[in-house]
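Hello,

Here is the structure I promised to pass on to you. Have a look at it first, and then read my notes on its aromatic rings below.

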Amino acid sequence: MSGPSKQHSAVTHFHLESQLERKQNTMKGFCATGEAAASKSEDNNEHQSCKLTAPVEEKHLLHSQQPSKPWQDARVRVKENVRRIWGVMGSVGGVEWYCLGALGVLTAFISFFMDLSVAKLLKAHSWLYNELQGHRVLQFLCWTLYPVSLCALSTGFSHSVCPQSAGSGLPEVRTMLLGFDMPHYLSLSNLFAKVVGLTCTLAAGSAVFLGKVSPFIHVSTMVGALLDRLCVSVQGEKQSRGQNGMLVAAAAVGVASCFGAPVSGVLFSMEATCTRFAVRNYCRCFFSAAAGAMTFRLLAVWSREQETIQALFKTSFSTDLPYCAVEMLVFAFLGLLCGATGCVFLRCFRWSLLFIRTNRVVLRILGTERVMYSGLVALILASVTFPHGAGHLMAAKLSMKQLLASLLDGRQWQVLSLNASATVPQKDLETLWMEWRPAGTSTFYTLGVFLIMKLWLLVLASTLPLPAGFFMPIFIYGAAIGRLVGEGLAYMFPSGIHSGGSASQINPGGYALAGAAAFSGAVTHTISPAILVLELTGQRTHAVPTLVAVLLANAVARSHRRASLYDVLSLVKQLPHLPSLLRSSPQLSDVQIGQVWCSQEADEGEGGASGAGEVLLERQSGLKEVRLALSTCPGTKFPIVASHESRILLGFARRSDLETFLRSQTDRPNGMQLGDGCSIQPVPLQLSADTTIQQAFHVMSALDAQQLYVTDHGQLCGVITWPKLKKMIMSLATEESKQPQCAE
């Protein structure tokens, strides 16, 4: 048997080598054959030659079976070390906390490299524009075609990869955090399209005047969703609907990774995205936001952009007497002014969005020629801001960061202009103010032109179908309002305001700080910008006047139940975001379930009371009925009624209990009735047809219920689920969108 065994092993080894060279998938079958032959020759004790050759053959077979995994000993040692490290890490914290830390780090890396790419593209544009000095036509083409091509690329790429990547994304995040499923907005393709498209949009520069914050919150949420799937796969537990701590923390990380501001990031996520914030997510949000902010600032140090960790827009206001008590009245006036201006902006913003979505010509263009529309709008924006035209009155050469840095300058531009000929200022931040005071032009004139022009330019830019945000432009616009007030006050009191025997010099940068927070807070209906400006600048001296301005601006903006920026986007997009609907139309809070149910049944031509064809099981149901219910309905709970005629609700049965009931009755030809062989659970809470949609929504959110039963004197009328509740709210949104004037 020695000869045949050797021959068989050699043939097997030959087949293994030939299959490895051809990379075929049948290698395992021949390997198994070789193993069987080798084990047979090894176990055979009749011939000594088989005992000598079997170990050699087995060694060759083991070597040929795993040719793609070299260094087996090293791999084993690495796996053992990873297990030990994971055991130590598991004793310190759970998998979720490591995923939260990874969320902050990954989001910060994306934000930093996005900013780095944008800075390189903007630098290239500026270099090309300066190289064409003296050729106005070529400079105009360079100034306009560069943002036009980038906006067209952003639109075409985002819509070709994932159409849901266009826009801000924050209204959809708010809707998902309420508990509604929108899987396309959390996909990996959406993440890729959003990052690339947003980078192109930001690289278009201040000519397009769009921002990063809101879409980056969406990017952070998508990263959080991917990490949440990893966490679920490891733990095997899925968090409750709408209370996913990973997604809630991701909204905070998005702001923290943009500005390096963890505290305001958490507060902004609570105000702007969460209608009901769970206290258990508080520590998670701060941990993840701190990890993101620290990583973002460390990357700036490691890339040698900064020498140490510091505020993104570091200011150096005087701490001796930053403002006097009388100036609090001016800060209060600034808050009221920002609130009123915010109302005007929101009205124009909503009108433009409604016009885009209702005008047939624009709809036809957006449906077939989105790239052409984006290029045309970008051409208009770039032409208006051309530096040799009206752009020299709007500091058009400055980027978004340079605009904000120049507006937050604590020095008085009027004084600097008088001393400009006597001193030789340094470059970079020290000379940015000169863009606001071109030769023979007053600072008040340029600031006024900037405020008037940028208002309608931002409204026009908001119609672009590409990934973009509005928070940073709004923030800069508010800083310009505050700067105008501060420069005006400094012009009126050139020697400062005297109070209590001491004079306080006017600091226009402090008013720009308060104006940025007040206007952005008024437009978004949030208070957190008051904390954001403090973290963003590292300035603590103007905390109180900034908070006063933000509160007064919010009071004006929230009056008469006006909608915020994100409420307007939710209403125009007809998203099932109930708080936005109720804020815009308070009368919708009295709409009952039965009213919407009846209208939907009339539209669909259905006459059943349940309105959705729910699967009902009788107490006397048998195997056939149970098997049919399980095959036709994917739900986890099934209502049990006394009979289909009476529809008296007895309780519900879980899918697992019904499957157990089927398995237990397979051997019985007649079988038992459902009520005798299956556990029927009582219904702890029932709704009536008179219950309002708002009440049903709050009950399902508070109880984390997947479905609620609607009854009338014990008779089952229907089942409310999240998809059905979403359909009801969307029907209300459709009706409300037909009345755009009601929100104002």
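Is Phe180 buried or exposed? Please keep in mind that this is a predicted model. Phe180 has a relative accessibility of 3%, so it counts as buried, the cut-off being under 20%.

Now for its partner. A pair of aromatic rings is described by the distance of the centres and the angle of the planes. In this model the count comes to 24 aromatic pairs. One of them joins Phe180 and Phe697: the ring centres are 6.4 Å apart and the planes meet at 15°, so this pair is stacked. Phe180 sits in the loop between helix H7 (170–177) and helix H8 (188–203), while Phe697 belongs to helix H29 (residues 693–703), so the pair ties together parts that are 517 residues apart in sequence. Phe697 is buried too, with a relative accessible area of 3%.

Next, please find Trp351 and Phe355. They also form a stacked pair, with 5.6 Å from centre to centre and 15° between the planes. Both lie in helix H13 (residues 327–358), and because they are four residues apart there, about one helical turn separates them. Trp351 is exposed, at 59% relative accessible area, whereas Phe355 is partly exposed, at 37%.

There is also an aromatic cluster, made up of Phe345, Phe349, Phe470, Tyr477 and Phe519.

Lys454 has its charged end over the ring of Phe209, 4.4 Å from the ring's centre. Arg483 lies over the face of Trp413, with 4.0 Å to the ring centre.

Enjoy exploring!

Note on methods:
Residues numbered from 1 in each chain as written. Predicted model: local features only at pLDDT ≥ 70, side-chain atom pairs only at ≥ 80, totals over all residues. Heavy atoms only, no water. Phe/Tyr/Trp six-rings, centres within 6.5 Å; stacked < 30°, edge-to-face > 60°. Helix = DSSP H or I, 4+ residues; strand = E, 2+ residues; numbered from the N terminus. Buried < 20%, exposed > 50% of the residue type's maximum accessible area, 1.4 Å probe, protein only. Lys NZ or Arg CZ within 6 Å of the ring centre and 35° of its normal.
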